[in-house]
Amino acid sequence: MVVSARSWLANEGGKHFVLLLWLGTNAWLFVRTFLLYSTGPQYFYLHKMLGLGLCISRASASVLNLNCSLVLLPMCRSLLTFVRGTQKVSSRKTRRLLDKSKTFHVACGVAICIFSVLHVSAHLVNVVNFSASYSDEFPALNLARYRGEDPKLILLTTIPGVTGLLLVLILFLMFISSLHCIRASYYEIFWYTHNLFIIFYAILMMHIVGGALKYQTNMEAHPPGCLRSNQSSTEHQREEQEPAERGGPRCGEEPHFQHHYPQTWLWVSAPLCLYCAERVYRYIRSSDPVTIVAVVRHPCNVMELRMLKSNFKARPGQYILLNCPGVSSFENHPFTLTTCPFENKQTFGIHLRVVGDWTDRFTQLLLPPPKLGLEILPMVQQRRYPKIFVDGPFGSASEDVFNYDVSLCVAGGIGVTPFACVLRALLDGWTGVKLRRLYFVWVCRELQSFYWFADLLCALHQKLWRENRPDYFNLMLYVSQTDKLQNLSEEKYQVLTSRLQVGRPRWKLLLSDIGRANTGKRVGVFCCGPKGISRTLHRLCNSNPHTGTTFEFNKETFS
């Protein structure tokens, strides 16, 4: 498949530019710090004692400082949502870059893990050198208390050593629990271990106050490598051949050494304060009570939850974080809004598929099984719903569906939820949208899944036909499971039955048809579904199957 330069730049250019900028900054910091500690005169005696381990440990530390500050910014959801919603500040290209915030967060996390291994390895070498190369001439430089001290004892009795071991342990737990196999099967473990970042940053601030490494402060009075008054020229020449050949200067005084001024807090404090302020703001906002208006059970183990919250405003395509203390006080799970508040309709709603422990326990609290003998009581009991909290809304890629002249929305199964809110907004008559044509493709395994939003699809189709805009909304439904296949039998769903096809879409042919019908335009492609569909569409968008049409790929992710 041939990649089109124009399409590739539209889809990959921005994020690859940011990636190269980030990699270049990391490389520049590493090289700059490495050269500083290897050739800087203030580190002459320390480098002589520790060698290459000093340069590598400090160079990796500078990269860790950068990434420990950057890794927090993509998690400032409210800030990113504000920037997304500010049209004067945020262009479409900027918003598409913001949609990659989770990827950037992962990249920074991986960099932290890699350079932590490098940093720890170099410091282990440094500890051995502190013990083996104990300096009798410059006692202030020593971290060891005597020559030949056990390196393990140095690690376990110094602040940098103890805090370093704790940081490695926390980072190891966070890294292991972030692996896809753990995160997908045991989300609770991922959630709890990831919140150890609070302890991680607290220990990090203590780690930098140990003062293990020192630099020389009186280089004018004591040029590094100078000939001291109690040292003969022959001894000096034997120890430092190069300065002796140059006729090395005499030392005016003994070298003075000083602990490094901690710099990590300069890197981390601003992002950390920003993130903490945002978390406080989100905590106050999410503490407002939420009223559950209705709970609807849909086919294929899907629940619809309709809620009411004062001063709650949202845009189509956004998502919320749902917390139910009855299930877990600390877990927050993302769900896309399928209904937004609009004019006189203040309720908002979500659809959730019951998959996993959390959704299973949450569903049992929403719709508990009837107790034996309850049906014989001649009274109507009021249903009591569990207490829930809602944080958000937060921005996502699907918000930009309205910002293209032509958009293609592709949903796989329950991945239809981001686009359900978009369709409902069109039904409710949202104004000021740029969209002139919408292609909607929904692929499901089971026929019953289409009942989740069958009424919505039919109502929108009928509305556009009444307005004489039949080409505005192009609907395509695919059912992949052919066992015991039946049509949507109800007469009111006849519109859907006529657009239902068996099998999977031929994506290349579909994009070619859309490209021919919209020559010279930019088509926004939005996908929320299985990775197989997403990868295929991403590849086809970069290949540009129709000359003159640019397909901009947008993938729905929750950060």
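Student: How many aromatic pairs does the count come to by the rule?

Tutor: The count comes to 24 aromatic pairs. Rings of Phe, Tyr and Trp (its six-membered ring) pair if their centres lie within 6.5 Å; planes under 30 degrees apart are stacked, over 60 edge-to-face, and the rest tilted.

Student: What makes the pair of Phe30 and Phe34 stacked?

Tutor: The centres are 6.4 Å apart and the planes stand at 20°, so Phe30 and Phe34 are stacked. Both sit in helix 1, four residues apart, which is about one turn. In general, an α-helix has 3.6 residues a turn, so residues three or four places apart point the same way.

Tutor: Before we go on, some ground rules. This is a predicted model, where local features need pLDDT of at least 70 and side-chain atom pairs count only at pLDDT 80 or more, while totals for chains, interfaces and linings use all residues. Residues are numbered from 1 along each chain as its sequence is written, and side-chain values use heavy atoms, with hydrogens and water left out.

Student: Why is the pair of Phe440 and Trp442 called tilted?

Tutor: Their centres are 6.5 Å apart and the planes are at 50°, so the pair is tilted. Phe440 and Trp442 are both buried (under 20% relative accessible area; exposed is over 50%, partly exposed in between, with a 1.4 Å probe and protein chains only). They also belong to one aromatic cluster, together with Phe419, Phe450, Trp452, Phe453 and Phe473.

Student: Why is Phe34 called partly exposed?

Tutor: Phe34 has 23% relative accessibility, so it counts as partly exposed. Leu23, also in helix 1 (residues 5-39), is partly exposed with a relative accessible area of 42%.

Student: How do you know that the span of helix 16 agrees with what it should be?

Tutor: The expected span is 1.5 Å times one less than the number of residues. Helix 16 (residues 417-428) has 12 residues and should span 16 Å; its end C-alpha atoms are 17 Å apart, which agrees. Helices here are DSSP runs (H or I, at least four residues), numbered from the N terminus.

Student: What makes helix 16 mostly covered?

Tutor: Of its 12 residues, 10 are buried, including Phe419, Cys421 and Leu426. Just after helix 16, Gly429 takes a positive phi of about 85°.

Student: Which ring does Arg469 lie over?

Tutor: Arg469 lies over the face of Tyr472, at 4.7 Å from the ring centre. The rule asks for NZ of Lys or CZ of Arg within 6 Å of the ring centre and within 35 degrees of the ring normal.

Terms used:
Helix = DSSP H or I, 4+ residues; strand = E, 2+ residues; numbered from the N terminus.
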